[in-house]
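Here's a quick tour for anyone opening this structure for the first time. Have the 3D view ready and follow along.

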Amino acid sequence: MSHSLKYICAMVSRLLDVEACALYQVSALSPQMVKICNGGEEDVFPPVMTLADLVRLTGIQIWTPGRRALTLVHRAGQEQGLTFVASASLGNAGGAIGLLVLGGRGEVREERVLSTLRMLRRQIAAFLENYLKVEVIQERLSAIQQDFDVLESAINGVNEGIFILKPDLRIDKINVRAEWLFGYAQYEIVGVPVENVLIGSDRLRPSLEAALEGVPIHTIGDLSLHRRNGLSFPAVVQVVRVPAEGKVNALVVLVTDVSEGEAIRIRTQQLEQRALLGEVTSVFAHEVRNPINNIYTGLQVLSATLPPDDANQEHLTRLQQDCVRLNNLMESVLNFSRNTQYKFEPVDLKDFLQRILDRWRPRFGKVNIEAQLFVQEGTPKAYADPRSLEQVFTNLISNAVDAMSKKGGHLTFQVSPKIGSLGRSEVVIAVLDDGPGIPDEIRERIFEPFVTTKPNGTGLGLAITKRIVTAHHGSIQVNSFPGGTVFEVTLQAYTGDES
């Protein structure tokens, strides 16, 4: 439309052979007129005029030098040396909507100018009125588009899958959450009957039909729906009718996936049960340790009263060993169930691991094990609790020694820096031994309580190790094969920003 207005101004300026032509529009926001286009070779008229000027310029008028300059356009013509300024108000009896102004430097032909303006005035006014209507419509469309964009963002931002259905119960539109929940892209299912997508309950269709008949909001309740891949999930479904002109224009179906909430509930219940089991186990371990110690003491006294070559000495020794094993088991159970308080600080792993290995040197020498420590240059300190971290590596060393005790072997610690998946700095400690390896049927469950490869093991050492590493916001993994096992412990690096 703006190009058309410019064309009109240019046409008028050529038709009347004038140097300047301008078209003004009454502003809807302030009491003034705003110039919306120019025509001719010169831009001499002001960009803004007052409504008082419009009142003075009602109808068609011509100003020439020597007359009083009553308006801004007259003054502009006077200042620029124009020989005349002609104006025509645009609008009807209900009110003016604009003003056409033109000016020239040549001979004034008043009759020609007046007749031409009379001829063009109505057409230009009609065109300007249409221009204003289009402008209002465009503003309204822009506002509607903004509202639509906000609504679209809100629909795609909610946690519920949304299906918009036509009155024939065919899918008209779905949101992003619905695409994710069910595995369909919107273009694949537009026009498809909704029961071909929301599969899993015979209560859905009757509820939708009830909504069509006048039920404003209907909650179907808990259903089991199926995704595109066939997997089912628990959901709560609501149906909302959208009325228009006395009839249902659309139905909105809201699907809430409650599987995550159900999983949290089950996990919470499991944690509560484990906490209770931990308390019971702790009490049990405390109560059992005293009788075991009493039995062990009694067996020692009984063994001392019998001759060394008595046939019962072998049975007594075996019973004492069982008491020691049970006592160790109770100690492990107490450690596992105990609520440990961690005190984190920067730990130099090179010095820390070297001290642990040095304490194990006498044991390594007895079973012919060679231990080595390699720390990559530039490896940062770990952010850890030294006391509990020592228990982690003591458990790993003890397992490696047990695995290599028959034939000896090599135990290697390799420490290196790493950048984690979230961009944080980490330290990786790999513990390698060349023992027989962990059987496949046990390897997947090696960190579970009471899973062990040792005939006399408690099965709690690695479970405690994993719990400590997890409390450090780290991870532990195992890779085993015939002829070797690698445990990989990943810990957070100390960056100085820790709170």
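Helices α11 and α13 cross in a left-handed way, meaning that the near helix is turned anticlockwise from the far one by less than a right angle. Here α11 covers residues 386-404 and α13 covers residues 461-471; helices are DSSP runs (H or I, at least four residues) and strands are too (E, at least two), numbered from the N terminus. Their axes come within 9 Å and cross at roughly 145°, with axes fitted to C-alpha atoms over the stretch in contact and angles running from 0 to 180 degrees between N-to-C directions.

This is a predicted model, where local features need pLDDT of at least 70, side-chain atom pairs count only at pLDDT 80 or more, and totals for chains, interfaces and linings use all residues. Residues are numbered from 1 along each chain as its sequence is written, and side-chain values use heavy atoms, leaving out hydrogens and water.

On the α11 side, Ser388, Gln391 and Val392 are among the residues that meet α13, whose partners include Gly461, Leu462 and Ile464. Contact here means heavy atoms within 4.5 Å.

Now for some buried spots (under 20% relative accessible area; exposed is over 50%, partly exposed in between, with a 1.4 Å probe and protein chains only):

| Residue | Relative accessibility |
|---|---|
| Cys9 | 0% |
| Cys21 | 0% |
| Val248 | 13% |

Cys21 is in no disulfide, and the nearest cysteine sulfur, from Cys9, is 4.3 Å away; a disulfide needs two cysteine sulfur atoms within 2.5 Å.

Val248 sits in strand β11 (residues 247-257).
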